[in-house]
Amino acid sequence: MKMIFRWFGEDDDSVSLNEIKQIPGMTGVVSALQDIPVGEVWPKNKIKELKNKINQAGLELEVIESVNIHEDIKLGLPSRDKYIENYKETLINLADEGIKVVCYNFMPVFDWLRSDLARELEDGSTTMSYDKDWINNTDPVKLVEEFDKESKGFSLPGWEPERLAELKEIMKQYEDISEKDLLDNLKYFLEAILPVCEENEIKMAIHPDDPPWPIYGLPRIVTGKENLRKILKMVDSPYNGLTLCSGSLGSNPENDVPALVREFGVRVHFAHVRNLKFDGEGKFHETSHLSTDGSLDIFKIMKAYYDSGFDGYLRPDHGRMIWGEKARPGYGLYDRAMGAAYINGLWESITKMNS
Ligand code: DNO
């Protein structure tokens, strides 16, 4: 297991590389070129620049989160071929700079979704939460605007506020796209890029939908066991793998996260570990990583990784905002650093108990 930390770059992160380096056991960061518009080729010199900066801080850059997928690929439009060619070129450029894993998602229109980015908990900390009733009763344009206001000036991962003007139009394009169509479009994409991945030894790791159910009538496919099986089988190559996000999959209580880790372990290239607490059907809030704070058993999840012989990359995922920190929602330093220490503690005990 290689412990890494998400970092949004010098201009868009409140956390510095030096601070990340001081977290015990941290080997590197997972980052991205945030300012390249979706669908365009990531230039080699910019990747190199990012990598050098990270290396100078004594950290590695071997994982990217995310190289986002252009909407035309998800929609299966004729223009997708052009964007797929660009994607391949980006992958080659990344592989040339030593990138081993690329995290991406296949969620139509919206990336992750929450109803509140700063819900106050009893201890005064704030956290992100989800309430399906609020989401269903809120116009999507208003929701994105609110998100933008609440994000404290930071860009939100996966969101492109500049698309706000065309949000309704993009959503309309999905009216005739079924879950099956979306799976077919993913297959088309994977079949096209996988030969490039194999040749350049760069692994793809699809991120689950967050939350893993349809939003605003838009289809969602990376939701649980059945579809994960389908996705891994549609191109049965070790380079077609998963980002197994415990919090995304775990927000549906029907998903047994440790069982998913045991089933898909060898194809998990990137593990996102976090906890959450169920507040009712379609409702949850994020908690500290500690098992007893949330509804997920983080020990069981780590044990399942250990038993599967997991040797991929792992990062602590969203944290609460604590100790007065002002940072991008979910991505402050303190709670994630404690998450990393806790996960390292579990890993050390599991390893030593088994040796
Ligand atoms: C949110 C993240 C997501 C994730 C992408 C992966 O905090 O988990 O934005 O990075 O969905 O492509």
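Analyst: Happy to. Keep in mind that this is a predicted model. Helix α4 (residues 80–96) packs against helix α8 (residues 179–200) at an angle of about 30 degrees, and their axes lie 10 Å apart. The crossing of α4 past α8 is right-handed.

Which residues make the contact between α4 and α8? From α4 come Arg80, Asp81, Ile84, Tyr87, Lys88, Leu91, Ile92 and Ala95. Facing them in α8 are Asn185, Tyr188, Phe189, Ala192, Ile193, Val196, Cys197 and Asn200. By type, the residues of this contact divide into 11 nonpolar, 2 polar and 3 charged.

Now to the strands, starting with β1 (residues 2–6). Of its 5 residues, 4 are buried, so β1 is largely enclosed by the rest of the structure. Strand β1 pairs with β12 (residues 313–316) in the parallel sense over 2 bridges, and Met3 has Leu314 as its bridge partner in β12. Strand β1 also runs parallel to β2 (residues 28–31), joined to it by 3 bridges; here Ile4 has Gly28 in β2 as its bridge partner.

A residue worth a stop is Ile64, which sits in strand β3 (residues 60–65). The relative accessible area of Ile64 is 1%, so this residue is buried. Beyond its neighbours within four places in sequence, Ile64 is in contact with Val30, Ser31, Ala32, Trp42, Leu94, Ile99, Val101, Val102 and Cys103. As for Ser14, 50 residues away along the chain, its C-alpha atom is 19 Å from that of Ile64.

Finally, there is an open sheet of 4 strands, ordered β5-β6-β11-β10, with antiparallel pairing. Strands β5 (116–120) and β10 (276–280) stand at its edges with a single partner strand each, so one side of each has no neighbour in the sheet. On average, neighbouring strands of this sheet are turned by 35 degrees against each other, direction ignored. Within the sheet, β6 (residues 126–131) and β11 (residues 283–286) pair in the antiparallel sense over 3 bridges, and Tyr130 stands opposite Phe284 in β11.

How values were computed
Residues numbered from 1 in each chain as written. Predicted model: local features only at pLDDT ≥ 70, side-chain atom pairs only at ≥ 80, totals over all residues. Heavy atoms only, no water. Buried < 20%, exposed > 50% of the residue type's maximum accessible area, 1.4 Å probe, protein only. Pairing = 2+ DSSP bridges. Axes fitted to C-alpha atoms, helices over the stretch in contact; angles between N-to-C directions. Left-handed = near helix turned anticlockwise from the far one by under 90°. Contact = heavy atoms within 4.5 Å. Nonpolar A, V, L, I, M, F, W, Y, C, P; charged D, E, K, R; others polar.
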